[in-house]
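Biologist: I would like to learn how to read the features of a protein model. Could you walk me through one?

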Amino acid sequence: MKLSGYIAAFTLLLGIYGCGKGDSDSGPPPEAPAPLAATLVFPENNTECNEGEILSDTQSRVEFRWNASQNTDSYEIQLKNLDAGTTVRITASAEASEITLLRGVPYEWFVVSKANGTSATAQSATWKFYNEGPGIINYAPFPATAVFPSRGTTLTVSDTIILEWAGSDVDNDLSGYEIFFGTASDPTTLLDATPQNTLEAAVSAANTYYWRVISFDTSGNSSQSEIFEFRVE
């Protein structure tokens, strides 16, 4: 009878405590909530940035600012020099960061929100600005951006396509564009000059096309876009 009592007690303990595996099957901890996108504050979009500390004739230090975003532990500023086409990435834990810039140069920037415990990120809007330069009275237009076709797109069309782009200028004195277009990766054939933001181009199947936009203002300043490409099936 004693033996049967011990067996019953042991069985009861197994039922209560199991075999030490009770917590091992609970699965991984839940992923942290995804961060939300920040709202940019300064430097403002499509403006001349004339604030900051002038360091020399060629450089100044500017404080970039944005509003805090939810579920965010850190931010990454991505800043592109639109003249050189180079991008730098700066990590910040707060909603501001001082960055040294070249003067008289156009820039593009956005902020990526990040959070611990998740690989998800969120990106703000993208803004452009000119960093004030010594003695500059009128700024060149910002390099144009492709609207349609977007870069890398593959299209199914018959024989023509309508190219569309977006241009902007701090001084609001854009006067027109020249469009270079063709199958060469560095297009040098002038398709046409136009004051509009669209232009028709002839295309044929099984070709990759490349195009760029030269923007002009009324003061004779100009800027050159990146080279955009798309494929026609």
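Modeller: Gladly, starting with terms. Strands are DSSP runs of E with at least two residues, numbered from the N terminus, and two strands pair if DSSP finds at least two bridges between them. This is a predicted model, in which local features need pLDDT of at least 70 and side-chain atom pairs count only at pLDDT 80 or more, while totals for chains, interfaces and linings use all residues. Residues are numbered from 1 along each chain as its sequence is written, and side-chain values use heavy atoms, leaving out hydrogens and water.

Biologist: What is the order of the strands in the open sheet of three?

Modeller: In general, strands of a sheet pair through backbone hydrogen bonds, either parallel or antiparallel. Here the order is β11-β13-β16, and the pairing is antiparallel. β11 (142–148) and β16 (198–202) each have a single partner strand, so they stand at the edges and one side of each lacks a neighbour in the sheet. From one strand to the next, the twist averages 35°; axes are lines fitted to C-alpha atoms, and angles run from 0 to 180 degrees between N-to-C directions.

Biologist: How many bridges join β13 to β16, and how many join β11 to β13?

Modeller: Five bridges connect β13 (residues 160–168) with β16, and four connect β11 with β13. Follow E164 across the sheet: T198 stands opposite in β16, and F148 has E164 as its bridge partner in β13. I162 is paired with E200 of β16.

Biologist: How many aromatic pairs does the count come to?

Modeller: The rule takes rings of Phe, Tyr and Trp (its six-membered ring) as a pair if their centres lie within 6.5 Å; planes under 30 degrees apart count as stacked, over 60 as edge-to-face and the rest as tilted. The count comes to 13 aromatic pairs. One of them, W165 with Y177, is edge-to-face, at 5.6 Å centre to centre and 75° between the planes. This pair links distant parts of the chain, with W165 in β13 and Y177 in β14, 12 residues apart.

Biologist: Are W165 and Y177 buried or exposed?

Modeller: Buried means under 20% relative accessible area and exposed over 50%, with partly exposed in between (1.4 Å probe, protein chains only). W165 counts as buried because its relative accessibility is 1%, and Y177, at 5%, is buried as well. Another pair, Y209 and F230, is stacked, with 5.7 Å centre to centre and 25° between the planes. Y209 lies in β17 and F230 in β19 (residues 228–232), 21 residues apart, and both Y209 and F230 are buried. There is also an aromatic cluster of F64, Y107, W109, W127 and F129.

Biologist: Which strand gives the most to the lining of the largest pocket?

Modeller: A pocket, on a 1 Å grid over the protein atoms alone, is an open set of points where a 1.4 Å probe fits, with protein on both sides within 12 Å along at least five of seven lines; lining residues have an atom within 4 Å of a point. β11 gives the most, with four residues. Lining residues include L82, E108, K128 and F228.
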